[in-house]
Amino acid sequence: SSVQFNFDKTGDLQHLTRKELLSRLLHFGGVLVATILLYSVLIPCDYQLFPRRAIHNVFDLFYWGNIANNFALASLTSMALESSVTGLGILISIVTGISTSTFNDRPILRSVSPSDFWGRRWNKLIGTGLRRGVFRPLRNAGAHASLAAILTFSVSGCLHEYILCVMELRTGIPNNPSNKPYSPSHGNHWIF
């Protein structure tokens, strides 16, 4: 599920308050406008704001144009996911009257370490699910924290590879002049 409900300290579901709804609506509006603006800037230049360098060796990864373009695309990905999940969460909260969890916590600009990014700020819904479903059971079974973390990241990688497989089932991409089927490079998400 892309939406999780919030619970209070006693384990009861938290009800949506008007103050929270207003705050979530303002946040949603801001992220949606920022996403639209970034798309408006990136689409005309084919998602390449800065000159890029082909990757021939590991040093090309650190070329300033490649880094800046990747930062822009990472920001766009984060904002697009945030706006869609936040909008869905608001709708579910309005229908059910129950408070829903936030998706991200400004991961790109506010993270202070990789563990802060992955563990507390980026995609908190999946992070919570992986923590509950993989990491904690492994730790409770006696696995060392490092091994549990590696296995949790491996499961996350497998989930991302599964998403690519589902996307590959499509017959073609709309607005693709050659209308070639989507053919991802498998293994990169898992390795990352």
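Which backbone nitrogen lies 3.2 Å from a polar atom of the side chain of Asn123? That atom belongs to Ile126. The pair is a polar contact (N or O atoms within 3.5 Å; within protein, one must be able to donate a hydrogen and the other to accept it, and residues adjacent in sequence count only if both atoms are side-chain atoms).

The model is predicted: local features need pLDDT of at least 70, side-chain atom pairs count only at pLDDT 80 or more, and totals for chains, interfaces and linings use all residues. Residues are numbered from 1 along each chain as its sequence is written, and side-chain values use heavy atoms, without hydrogens and water.

Asn123 sits in the loop between helix H4 (114–121) and helix H5 (124–140). Helices are DSSP runs of H or I, at least four residues, numbered from the N terminus. Asn123 has a relative accessible area of 16%, so the residue is buried. Buried means under 20% relative accessible area, exposed over 50%, and partly exposed in between (1.4 Å probe, protein chains only). Leaving aside residues up to four places away in sequence, Asn123 touches Phe103 and Asn104. Contact means heavy atoms within 4.5 Å.

Helix H1 covers residues 18–42. Its 25 residues should span 36 Å at 1.5 Å a residue, and its end C-alpha atoms are 36 Å apart, which agrees. The expected span is 1.5 Å times one less than the number of residues. Buried residues in H1 include Arg24, Val31 and Leu38. The buried residues of H1 pack against helix H2 (64–96).

The structure holds zero disulfides, a disulfide being a pair of cysteine sulfur atoms within 2.5 Å. Cys45 is partly exposed, at 27% relative accessible area. Cys158 is partly exposed too, at 47%.

Note on methods:
Helix = DSSP H or I, 4+ residues; strand = E, 2+ residues; numbered from the N terminus.
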